[in-house]
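Work through the exercises below with the sequence and the 3D structure at hand. Each task is followed by a solution in steps.

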Amino acid sequence: MPQIRVAQVPGSHPYARHLSGPPGAAFVSIADPVDPDRPPGQWWPPIALDPEWITAHADRFDVMHLHFGFESFSLAHLEACLAALRAAGRGFVFTVHDLQNPQLADQSHHQRQLDLLVPAADGLSTLTAGAAEEIARRWGRQATVIAHPHLLPLDESVSTPEAGRLHDDADDTTSRRVRRPADRPTAVVGMHLGDLRAGVDAIGACDSLLGAVHALRAAGTPVVAEIHLRDSVRDDAVRDEVVRMCAAHDEGVELDIHPRLSDDALEQSLSALDACVLPYGHGTHSGWLELCFDLGVPVLAPTVGHWLDQHDEPGAVFAFEPGATESLTAAIEAALAYRGTVARSSVLADRRARRLLDRGVITRRHADLYAAALESRVPA
């Protein structure tokens with residue numbers, strides 16, 4: 001069977017870039033179009049999701065695979081894209097990453113977009129069994145469940161200064177130096193609020209975390225909260241309230257306000273934590289959780305969306321009820337207890353090995369999804 005050519009949308013995002021297998025795999029992702037007038041690294045809104053681009057470049061791909069980044073497009077624009085794909089005889093695959101869009105407070109437009117895209121897809125996938133069940137209930141469609149791929153590059157070593165290099169076949173010049181938490185008496189529980197996008201419940205999450213840390217410290221557990229906030233945010237009033245809440249605690253909290261971190265700086269920040277709290281009020285799946293998994297950092301996740309379905313092995317994710325300080329306190333205690341049972345270096349090595357195995361499975365499952373989509377696509 002000829003190699004299937006796929007237009008990943010957006011193709012330059014790490015998620016899409018890590019779907020493809022080695023040369024000679026059953027499918028190949030074409031190069032993502034680039035707009036020279038955009039800042040480097042800005043893939044949004046995706047250029048390929050355009051009826052004129054589809055018509056002009058249909059000879060370059062067999063299947064278009066839409067992931068995310070379409071929230072700014074009108075229904076008419078998306079309908080025109082679907083019509084252009086049908087007219088060109090190209091397949092359309094859609095991965096439902098977000099049943100609720102974390103970039104938006106009002107979900108009504110996103111829900112109308114899903115009502116258009118989910119039924120129109122020749123092939124449909126999602127990341128977790130829970131999301132697939134929700135898709136089946138809402139649209140009567142069976143979505144193929146394919147796990148999230150790795151986010152840290154697998155051709156680079158993940159090592160710790162204490163343990164030395166984990167993978168002797170890695171070149172020192174490309175090795176990522178990922179710090180584990182130092183052997184310190186005080187644990188650090190971090191939370192990154194970013195620029196306060198719509199899906200982040202900054203005030204509620206801060207209230208719960210600060211309350212949990214206060215309770216733990218009062219009970220004799222040495223722990224501090226490390227809260228990160230961008231210096232440019234979408235909601236100044238929420239930022240000011242977060243600053244006020246943190247300032248009201250004389251000890252046990254460190255607030256760090258800074259510009260957007262580079263990828264390397266973010267990895268260093270996360271990898272130095274004993275646990276990381278997801279501050280989400282709504283959403284479905286989390287790439288942040290996947291990055292923490294790659295870094296061996298336990299995640300504290302609220303019991304909404306389908307974050308708890310992403311990884312089920314011990315020490316990966318600990319659940320808490322949003323807005324419930326006692327629940328988050330118990331989750332932090334469980335995460336810190338797990339910290340003492342296994343070395344971070346062992347966690348990193350085990351998870352890298354798993355990711356290497358998963359990469360082949362993820363590639364094959366996508367290849368099967370694309371082949372089935374081409375067989376079932378509706379002719380123009």
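**Exercise 1. Where is E313 found?**

Solution. This is a predicted model, in which local features need pLDDT of at least 70 and side-chain atom pairs count only at pLDDT 80 or more, while totals for chains, interfaces and linings use all residues. Residues are numbered from 1 along each chain as its sequence is written, and side-chain values use heavy atoms, with hydrogens and water left out.

Step 1. Helices (H or I, at least four residues) and strands (E, at least two) are DSSP runs, numbered from the N terminus. E313 is in the loop between β13 (299-302) and β14 (317-320).

Step 2. Buried means under 20% relative accessible area, exposed over 50%, and partly exposed in between (1.4 Å probe, protein chains only). E313 has 19% relative accessibility, so E313 counts as buried.

Step 3. Contact means heavy atoms within 4.5 Å. Not counting residues up to four places away in sequence, E313 touches F293 and R354.

**Exercise 2. Determine which residues of α9 meet which residues of α11, and describe the packing of the two helices.**

Solution. 

Step 1. From α9 come E290, C292, F293, D294 and L295; from α11 come R344, L348, R351, R354 and R355.

Step 2. Ala, Val, Leu, Ile, Met, Phe, Trp, Tyr, Cys and Pro count as nonpolar, Asp, Glu, Lys and Arg as charged, and the others, Gly among them, as polar. Sorted this way, the contact of α9 with α11 has 4 nonpolar, no polar and 6 charged residues.

Step 3. Axes are lines fitted to C-alpha atoms, for helices over the stretch in contact, and angles run from 0 to 180 degrees between N-to-C directions. Helix α9 (residues 287-295) packs against α11 at an angle of about 115°, and the axes are 7 Å apart.

**Exercise 3. In what order do the 6 strands of the open sheet lie?**

Solution. 

Step 1. Two strands pair if DSSP finds at least two bridges between them. The order is β2-β1-β3-β4-β5-β6, with parallel pairing.

Step 2. At the edges are β2 (27-29) and β6 (144-145), each of which pairs on one side only.

Step 3. Helix α11 (residues 344-376) packs on this sheet and touches β1 (4-9), β2, β3 (63-66), β4, β5 and β6. The direction of α11 makes about 105° with that of β1.

Step 4. V93 stands opposite G123 in β5.

**Exercise 4. How many bridges join strand β10 to strand β11, and how does the chain cross between them?**

Solution. 

Step 1. Strand β10 (residues 223-230) and strand β11 (residues 253-258) run parallel and are joined by 6 bridges. E226 has E254 in β11 as its bridge partner.

Step 2. From β10 the chain passes through helix α7 (residues 236-247) to β11, a right-handed β-α-β crossover. A crossover is right-handed if, with the strands pointing away from the viewer, the path from the first strand over the helix to the second runs clockwise.

**Exercise 5. Which residues does L193 touch, not counting residues up to four places away in sequence?**

Solution. 

Step 1. L193 is in the loop between β9 (187-192) and α6 (202-218). At 2% relative accessibility, L193 counts as buried.

Step 2. The residues touched are V200, A202, C206, I227, H228, L229, V242 and P279.

Step 3. L196 is also found in the loop between β9 and α6. Phi of L196 is near 65°, a positive value in a residue other than glycine. Most residues other than glycine have a negative phi.
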